[in-house]
Amino acid sequence: MAKLRPKAESQGEGPDGGYGWVLVGALFVSTSLVFGLMRSLGIFFVEFVQYFDESAQAISWISSTGLAAQQFFSPLGAALCNAYDTRWVVMTGGCLAALGLILASQATCLVHLYLTMGVISGLGWGLVFTPMVATVMANFTRRRTLALGLAFSSIGLSSFAFNPLFQLLVELYTWRGALLILGGLSLNIVPCGALIGPQRRSKAPAKVVSESGVSCASFLQRASSYLELPLLFERPYITYTLAISLLNVGYFVPYFHLVAHSRQVGFSEYQAAFVMSAAGATDILGRIASGWFSDLGHFRLIHLLSVWTTLAGVFIMLLPVSSLSGSYAALMVISLLYGFCSGALTSLVFAVVPMIVGVERMMGALGLLQLIESGAGLLGAPLSGLLKDITGDYTASFMVAGGFVVLGTLTMVTLPHYFSRKDPPPPKSLSPEDPDKAAELKQMHSSPSDMNDLTGEVTNNRLPEDTYS
Amino acid sequence: MNLLWAVSALLLSCWRANASTAPNIITEPSEVNNQTSAVLSCNLTETTLHIKGSHWVYNGKFIEGSKSEEATAYTTLSLYNISHKSAGKYECVFLTEPEVKQIIEVKILPHVAATKHSEHGNENDIGVMVCVSHGYPLPTDWTWFKGEEGSPPTPIINGTTDKYEIKSTPNKTTLTINDLSIENDIGDYSCSGTNELGTNSDKIHLRVRSRLAALWPFLGIVAEVIILVTIIFIYEKRRKPDDVTDGSAPLKSNSTENHKDTNVRQRNSN
């Protein structure tokens with residue numbers, strides 16, 4: 001942290017680079033251990049179906065519970081980071097995630113798996129993901145999206161690597177042994193959390209209004225400020241959250257149904273699987289490329305996000321159309337394009353949040369966003385399945401999914417200051433009592449496009465009061 | 001006596017008359033048993049009904065391409081490479097008012113396959129082995145055997161001990177072995193399914209792992225994590241002296257105590 005401080009003080013320079021890249025590496029590892037692991041649990045489900053003699057649907061609830069718990073507990077993780085030190089929250093989350101998997105290795109019935117792999121590990125993952133993302137974002141300004149894109153590419157790469165690895169572990173050690181080893185692997189989140197370093201800022205003292213003892217009302221007030229509940233009453237945040245929720249309804253549909261749709265159109269198992277893998281590969285590429293391009297600063301992040309989401313929605317709608325002709329090449333091309341766009345928008349979804357709510361409230365904002373968008377995500381898959389059951393094929397499902405994504409883009413257009421060329425100033429947050437803090441907040445809030453204008457201006461015109469206008 | 005004869009002759013002729021006016025399908029062959037190919041044919045006789053066409057149905061589902069619009073009373077279906085995927089009940093359907101149909105059963109030996117040919121379990125845990133069968137007719141009997149080196153396989157009988165449990169349905173059988181032991185339970189197991197035509201079987205190899213086998217890699221990883229965390233904290237402690245000398249902007253505090261102090265200082269200064 002010592003390396004960062006002098007840089008932050010010098011005007012016009014963001015806290016980019018240096019130790020920030022170490023944190024990107026930590027986020028890379030922890031994201032792969034959270035989402036990459038979640039995506040590869042399918043290997044175990046085959047074993048569970050046989051061992052516990054349960055239906056595939058009952059077993060699939062394990063990963064649904066885990067994902068839902070991760071998203072549900074995100075605001076809790078954010079609130080705890082606002083109240084206490086981020087590194088300890090992440091380290092605790094890593095321990096919990098590992099504990100869940102270790103306990104799961106001793107499970108004797110299905111309910112045990114729901115509670116351990118689902119709830120306990122999900123709680124751990126919730127305490128890890130949002131805080132780490134917020135920390136990385138706070139450490140970058142000019143290269144924020146690139147940092148996020150690089151870190152999130154780990155999801156695709158790790159699910160690629162984990163599938164054969166988990167299969168090998170199950171072969172060597174049976175599923176119980178493999179889960180135990182996975183618990184150990186998850187424990188590697190703890191050093192990632194330790195890398196965050198001691199807390200740079202804490203909202204605890206600033207929020208304490210009265211120094212009186214702990215009373216119910218003051219606790220509730222503090223809790224609501226840690227959770228950033230007042231954000232729910234702000235129009236820009238609500239608009240953005242609604243847009244992302246609509247996006248989430250349709251975003252996952254191709255992942256669930258593309259293989260089944262390809263097989264229904266008439267392609268073989270291998271062809272269908274290959275389409276999925278190819279889309280996954282362009283997904284990784286899209287994340288990194290979009291991150292790099294966004295940080296060049298030619299366009300506002302929100303505009304780029306709208307472009308990618310519109311394109312993704314259009315390509316989702318084109319997927320059934322392309323396979324109508326029966327041409328494998330057409331399906332492959334559209335899937336590749338869809339993969340690229342969906343990866344591209346992932347990098348930006350989080351990076352836009354501090355533009356809307358300010359870096360100070362970013363942690364809580366991310367937590368709430370995860371919670372609200374999770375509800376939408378839960379809606380998307382059953383809805384598309386229902387449409388398929390009613391109409392007989394996947395055309396309606398894909399059309400509706402693409403429609404939701406485009407609807408999300410349209411909602412984004414209603415954000416205030418959408419059509420202005422520069423980002424609006426961040427909303428009024430805490431009153432900075434210190435010009436240094438205000439200057440640091442100023443350049444943490446600025447976007448890459450603003451950075452080019454700021455150099456040379458900061459010492460002259462922008463006073464702390466100007467940030468409120 | 002004469003009256004009895006007359007009545008029975010009357011009844012017989014009535015019955016014969018009824019029989020002769022009902023449409024009759026003659027199938028050739030009436031049943032297919034364990035052949036690799038066959039030609040099924042149906043001949044509709046003794047009917048005055050108008051025939052609009054015919055088609056074939058396999059296991060209740062219409063067979064693509066078997067529809068014929070010709071008003072003939074004779075229809076055939078050729079089967080090649082009869083396997084468990086094509087065995088079952090074939091039905092020829094004549095499109096008359098009402099429809100007339102007849103079933104020809106195509107039977108083969110049971111097709112028995114293990115879902116996994118290599119299974120493993122943990123010591124003192126349970127081991128589960130599954131065999132499934134496709135085709136027609138499905139096995140009526142399932143038996144499990146434990147194979148030993150150099151001696152004939154011994155059958156495993158359900159219900160004699162707590163050790164083995166066998167659950168069977170016509171298309172799936174599951175053998176559950178309780179309390180696996182490394183000395184006794186490693187080896188080859190075979191499941192065999194029997195139907196009216198014969199028996200088929202498949203083999204599964206069971207491996208039993210020690211409970212502690214995964215513990216060593218796990219402890220290795222835990223040790224690595226502890227070492228990493230220790231290194232990170234030590235590295236930070238060694239850099240800490242640099243932090244303290246670096247000015248006093250509120251965001252740089254290393255602990256909440258410092259934070260409160262700097263805020264208090266600021267408030268006083270304002």
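These exercises with worked solutions concern a predicted model.

Local features need pLDDT of at least 70 and side-chain atom pairs count only at pLDDT 80 or more, while totals for chains, interfaces and linings use all residues. Residues are numbered from 1 along each chain as its sequence is written, chains are lettered from A in the order in which they are written, and side-chain values use heavy atoms, with hydrogens and water left out.

**Exercise 1.** Determine which residues are linked to B:Lys107 by salt bridges, and where the partners lie.

*Solution.* Step one is the criterion: a salt bridge is a side-chain nitrogen of Lys or Arg within 4 Å of a carboxyl oxygen of Asp or Glu. Step two applies it to B:Glu31, whose closest N and O atoms with B:Lys107 are 3.4 Å apart. Because B:Lys107 belongs to strand β8 (residues 100-107) and B:Glu31 to strand β2 (residues 31-33) of chain B, this pair ties together parts that are 76 residues apart in sequence; strands here are DSSP runs of type E with at least two residues, and helices are runs of H or I with at least four, numbered from the N terminus. Step three turns to B:Glu196, which forms a salt bridge with B:Lys107 at 2.6 Å between the closest N and O atoms. B:Glu196 sits in the loop between β16 (187-194) and β17 (199-209) of chain B, so its pairing with B:Lys107 ties together parts that are 89 residues apart in sequence. Step four joins these residues with B:Glu105, since the record of links places B:Glu31, B:Glu105, B:Lys107 and B:Glu196 in a network of salt bridges.

**Exercise 2.** Classify B:Lys107, B:Glu31 and B:Glu196 as buried, partly exposed or exposed.

*Solution.* The classes are buried (under 20% relative accessible area), exposed (over 50%) and partly exposed in between, with a 1.4 Å probe and protein chains only. B:Lys107, at 6%, is buried; B:Glu31, at 33%, is partly exposed; and B:Glu196, at 55%, is exposed.

**Exercise 3.** Decide how far helix α5 (residues 74-83) of chain A is enclosed.

*Solution.* First, the buried residues are identified, among them A:Ser74, A:Pro75, A:Gly77 and A:Cys81. Next, the count is taken: 8 of the 10 residues are buried, so the helix is largely enclosed by the rest of the structure.

**Exercise 4.** Describe how the two domains of chain B are placed.

*Solution.* The bounds, from an automatic or database domain assignment, are 25-107 for domain 1 and 111-209 for domain 2. Their centres, taken over C-alpha atoms, are separated by 38 Å. Finally, 9 residues of domain 1 are in contact with 7 residues of domain 2, contact meaning heavy atoms within 4.5 Å.
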